[in-house]
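Thanks for making the time. Have a look at the model first.

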Amino acid sequence: VQLQASGGGLVQTGGSLILSCVASGRILGINDMGWYRQAPGKQRELVATISSGGLIRYGDSVRGRFHISRDNTGKTTYLQMNWLEPADTGVYLCTAQIRTNWGRDHRDFWGQGTLVTVSS
């Protein structure tokens, strides 16, 4: 199983970016998909997650500015980021709860991350 994240880059304060994450490989089912971010010297924090049923959670610092969605296959998630601030700078990591074997429960997988840099 692989999670391929893309869409990061350099943007000015107030700008927007769209991140995407595609899951591939032996996938029997996916529960939650989402994003965390890691900034230098800070703990990893929740950005947003979306369940297979469409339930969404946002981190407090992004609520109202970011929007997470998922395509009909359930294997791709998108993160629309608006009104970006320097504090949003970091590596955005894609994660998903994936079942790869009918005899086992879903387990967490992580992608390699995509860097978002917001300049002031």
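Start with Ser20, which stands opposite Tyr78 in S8. Bear in mind throughout that this is a predicted model.

Now the strands around that pair. Strand S3, residues 17–24, and strand S8, residues 76–81, pair in the antiparallel sense, over six bridges.

Which sheet do they belong to? S3 and S8 sit in an open sheet of four strands, ordered S1-S3-S8-S7, with antiparallel pairing. At the edges stand S1 (2–6) and S7 (66–70); each has a single partner strand, so one side of each is left without a neighbour in the sheet. As for geometry, neighbouring strands of this sheet are turned by 15 degrees against each other on average, with direction ignored.

Stepping back to the whole chain: there are eleven strands and zero helices. Along the sequence, the pattern therefore reads β-β-β-β-β-β-β-β-β-β-β.

Next, overall dimensions. The C-alpha atoms fill a box of roughly 50 × 25 × 20 Å along the principal axes. The radius of gyration is 14 Å, and a compact globule with 120 residues would have one near 14 Å, so the two agree.

On contacts, take those between residues at least 6 apart in sequence: 55% of them join residues at least 24 apart.

Last, the surface. How much of the chain counts as buried? That is 42% of the 120 residues, where buried means under 20% relative accessible area. The chain exposes about 6500 Å², and carbon and sulfur atoms supply 49% of that area.

That's all from me.

Methods:
Residues are numbered from 1 along each chain as its sequence is written. This is a predicted model: local features need pLDDT of at least 70, side-chain atom pairs count only at pLDDT 80 or more; totals for chains, interfaces and linings use all residues. Side-chain values use heavy atoms; hydrogens and water are left out. Two strands pair if DSSP finds at least two bridges between them. Helices (H or I, at least four residues) and strands (E, at least two) are DSSP runs, numbered from the N terminus. Axes are lines fitted to C-alpha atoms, for helices over the stretch in contact, and angles run from 0 to 180 degrees between N-to-C directions. The radius of gyration is taken over C-alpha atoms; the globule rule is 2.2 Å times the number of residues to the power 0.38. Buried means under 20% relative accessible area, exposed over 50%, partly exposed in between (1.4 Å probe, protein chains only). Contact means heavy atoms within 4.5 Å. Accessible areas come from the Shrake-Rupley method with a 1.4 Å probe; for residues, only the protein chains shown count as cover.
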